[in-house]
Amino acid sequence: MRVRALPRRPEVRLTELGFGAAQGGNLYRATTDEEFASAIDTAWEAGVRYYDTAPHYGLGLSERRLGAALRHRPRDEYVVSTKVGRLLVPSPQDAHLRDSDGFDVPASHRRVWDFSRDGVLRSIEASLDRTGLDRIDIVYLHDPDDHWEWAASEAVPALVELRDQGVVGAIGAGMNQSEMLARFVREADVDVMMCAGRYTLLEQGAADDLLPAAESRGVGVVIAGVYNSGLLSRDRPPADAVYNYQQAPAELIERARRIATVCETYGVTLPQAALAFVRRHPAVVSTVVGVRNTSQAAEAVRRSEAVVAEELWDALAAAGLLATAH
């Protein structure tokens, strides 16, 4: 599998397909330890060497499972990213309840926003403890949408200090928007951004702010949410397709179906084209796809290996389904 180095941190090298481990935290429904471990095995055998997690995913369950699955593998052969900004505080009085943030786990902890220097240090220490790994290769600020000043003035300097000390390999932010990510690129000493859902075959807002800023400053971009949380994940989008974690509007479903029809004439599926499209931009270093089990891991790899004709993009632009400038 092809590998791309971060321009500013060439020692940090990401495979073009990354393994998203939110499902390992029981996102939406329970997943067994065995299912998740087998998914990692399948991805590893296919050459995937970039794995992304976060404390938020299953209140630490994703980090624990990912660490257990990777711990026996050669440490210099893979890259792990996690996130800071949400501290997990014990809440034993709620352990009989289920988590209310979309993960099928006991609500034994609560998430507390904390972008302070101390919060960053405590979060990374806790992530190292949960994963059992000796280091974290990439650390992202996790969804600092409502906390720009706090994150920029305290969390970023703390991460820069840790990176310069060699404690972490690279730093950045991960968000479901591109505008603030572009601001981090322009105003902070960062290496890599994770952009979820804002640069896809269906919408390309990040092409107007984040991607040009990243390319000009040598900052790598990891694309997540490449299927817009479900709408682009099937060959032919169904009527109940999900977009941005909600029921997709009818007009977006129709647009996705029109894109799928054009893709079919070029011998590729909608998900294959969705993966291929985002990789065309020179600032994009990897695409992270959420994986729950062996079949999903194998499917993600197959989709990523599809050869897509360049003419497809011109055909989509001619049909008014893709901006020529992108």
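Helices (H or I, at least four residues) and strands (E, at least two) are DSSP runs, numbered from the N terminus. Please keep in mind that this is a predicted model, where local features need pLDDT of at least 70, side-chain atom pairs count only at pLDDT 80 or more, and totals for chains, interfaces and linings use all residues. Residues are numbered from 1 along each chain as its sequence is written, and side-chain values use heavy atoms, with hydrogens and water left out.

**The barrel**

- A barrel is closed by 8 strands in the order β3-β4-β5-β8-β9-β10-β11-β14, with parallel pairing; two strands pair if DSSP finds at least two bridges between them.
- On average, neighbouring strands of this sheet are turned by 25° against each other, direction ignored (axes are lines fitted to C-alpha atoms, for helices over the stretch in contact, and angles run from 0 to 180 degrees between N-to-C directions).
- Strands β5 (residues 79-84) and β8 (residues 136-142) run parallel and are joined by 4 bridges.
- Across from Thr82 you will find Val139 in β8.

**The largest pocket**

- A pocket is an open set of points on a 1 Å grid over the protein atoms alone, where a 1.4 Å probe fits, with protein on both sides within 12 Å along at least five of seven lines; lining residues have an atom within 4 Å of a point.
- The largest pocket has a volume of about 1,300 Å³, a volume being the space filled by probe spheres set on grid points that are joined across faces, edges and corners.
- Its lining has 44 residues, and Gln23, Leu27, Ser229, Tyr245 and Gly290 lie nearest the centre.
- At least two lining residues come from each of β9 (168-175), β10 (192-196), β14 (284-290) and α9 (294-304), and α9 gives the largest share, 4 residues.
- The lining of the largest pocket comprises 20 nonpolar, 14 polar and 10 charged residues (Ala, Val, Leu, Ile, Met, Phe, Trp, Tyr, Cys and Pro count as nonpolar, Asp, Glu, Lys and Arg as charged, and the others, Gly among them, as polar).

**The second largest pocket**

- The second largest pocket has a volume of about 380 Å³.
- Among its 20 lining residues, Arg2, Glu16, Arg279, Ser304 and Ala306 are the closest to its centre.
- β1 (3-5), α8 (270-279), β14 and α9 each provide at least two residues of this lining.

**Cysteines**

- With a disulfide defined as a pair of cysteine sulfur atoms within 2.5 Å, the count is 0 disulfides.
- Cys195 is buried (under 20% relative accessible area, with a 1.4 Å probe and protein chains only), at a relative accessible area of 0%.
- Cys263 also counts as buried, at 0% relative accessibility.

How values were computed:
Buried means under 20% relative accessible area, exposed over 50%, partly exposed in between (1.4 Å probe, protein chains only).
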